[in-house]
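Here are my notes on the model you sent over. Have it open while you read.

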Amino acid sequence: MAIVHVRSDFPDFGLTESERREAVLGHYYEYPGMDGDRGEIWCYTDAWSYEPGARVTLFVSSTAPTFAIEIFRDGASVEVVFEAENISAYWQETPDQCSVEGCGWEAAFDFNIGTEWPSGAYRVRLTAEGRKGAPIACDHLFIVQPAPGRKAGRILQVAASGTWAAYNSWGGSNHYQGITGPERNQFAPIVSMERPFGRGFVRLPATAPRVPLEITLPPATVPRYPHMEWAYANGYSKKYASAGWASYDSHFFRWAESAGYGIDLVTQHELHFSPDLIGFYDCVVFVGHDEYWTWEMRDAVDDYVDRGGRVARFAGNFMWQTRLENAGKRQVCYKYRARAEDPFYHAGDIRRVTNSWEAKEIGRPGAETFGLNATYGLYAGWGGCAPRGARGFPIYRPEHWAFAGTGIYYGDVLGADSHIFGYEVDGLDYVIRRGLPEPTGEGNPPEGLKILGLGLSSLKEESADIPADTQFLGDEDALFVANVLAGNHGDAAVERYKRGAGMIVNFPRGKGEVFHAGTCEWVSGLLRRDPMVERVTANVLDRYLQR
């Protein structure tokens, strides 16, 4: 077996120390006019997903008078399905708060989705000539839904579109940073889908860093964040590695098609507005960074499993409840400011407030649907949170059917070479009895849940050797989670809740079953063709498809 040599020095993207600090702690984003004399082109569609044969409207703002369009189906192979040239365009004024209100551009082009186009993700590539003769381009994405009807033997993958909306900062704001508020420095609790995606959400070079550190961090080393440094140095969205088709959802979809599985694709909006759609499938899959959900989306999954459906979630960070407005074109999530600002605290169903699922006023911990809670997990291999921890899942129950044919032993670490554990994970409170972890019952885990694998995570950067002002994560999430779970963020509460775990669990529910590998980075095992990770993934899919 080849020896894997892991670097112990951070990659250098040509930034100064002050630029590296700005890349991590600053707020930079894509906006109209940012490319100046070079010229630019931006676009978005009137929806993120469509039924077969539907008409798509494209909204374009361009410094060039004409553009060309190519549309690619992005699956196991990349296939051009549509091309056109010499389409008229012009520069369109954009509202200052377009991240919240939408861009409001006039339509530039319409086309019909072919009735023969299979379900999947379709990348839109616009190209034009810049002001100085150099080419300019932009990328967008839409999903073609499957036709209705029974789909025996096929997988339905649900793209994490709520998380895409939350992290997209095009125009200045998302659910993390922003230009809202009286001093134009607050994140936006309401974000619009009617705007372009940030660069890197749709398409990425293979060399783009993922979030978990790919180096061995020497002792007393100030953590750095190569993905944000790379984004800053190369003109990509600061959040490209946290959300989007390119970083997460695409890797599972391509792998499944390459492995011979029939697979269809929808967004979370279909769970919300068309919940019966998932009932056509024996197996529904969620992958990657899957953080933002509405109450209705959870109802759809719970009802599906209760009736006999099977869910495989290879994803992490099931954290926030959201609400949808304007027929799904706006997403609402007040997050850390919910108790102070969300109007549903004062008028409306208080269970629908946009706080963490584990907040007592919501009363619906994430574990009731997927077996694990985000507030009992969080960060691993990122910054100063478990930076030298396990890169994969330590396995405790190798006899479980999910590990058949892997040759894995008790105590082995699944996915260590491909680094599947991180950067955000979901877990439970647990005890270990005679070498086996068991849930304590805190956080409402389902009856019959078995913990198959377990790695350590943290909600707080802790090091006596690292200055606090160099921390990106700090203790903000530890304080928030303590307040959610204990009702206060005093020292004793933070001490109790500042550590977590990421887990692989399996449990029955009603007539159905759920398998949950609670990590964002499971897809990196498929991307990097880790044979053990591929085998476990296939074991789960084959069982749930009854192959």
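The points below cover a helix pair and a sheet.

1. Ground rules first. This is a predicted model, so local features need pLDDT of at least 70 and side-chain atom pairs count only at pLDDT 80 or more, while totals for chains, interfaces and linings use all residues. Numbering starts from 1 along each chain as its sequence is written, and side-chain values use heavy atoms, with hydrogens and water left out.

2. Helix H1 (residues 17–25) and helix H4 (residues 226–234) have axes that come within 8 Å and cross at roughly 105 degrees. Helices here are DSSP runs (H or I, at least four residues) and strands likewise (E, at least two), numbered from the N terminus. Axes are lines fitted to C-alpha atoms, for helices over the stretch in contact, with angles from 0 to 180 degrees between N-to-C directions. H1 and H4 are therefore roughly perpendicular (65 to 115 degrees).

3. Who touches whom? H1 brings Glu19, Arg20, Glu22, Ala23 and Val24, and H4 brings Met228, Glu229 and Tyr232; contact means heavy atoms within 4.5 Å. By class, that is four nonpolar, no polar and four charged residues (Ala, Val, Leu, Ile, Met, Phe, Trp, Tyr, Cys and Pro are nonpolar, Asp, Glu, Lys and Arg charged, the others, Gly among them, polar).

4. Now the sheet: four strands, open, mixed pairing, in the order S10-S16-S15-S13. Pairing takes at least two DSSP bridges between two strands. S10 (190–192) and S13 (292–294) are the edge strands.

5. S15 (residues 320–325) and S16 (residues 330–332) pair antiparallel over three bridges. Arginine 323 has valine 332 in S16 as its bridge partner. Helix H7 (residues 295–306) packs on the sheet, touching S13 and S15.

Notes. Parallel < 35°, antiparallel > 145°, perpendicular 65-115°, else oblique.
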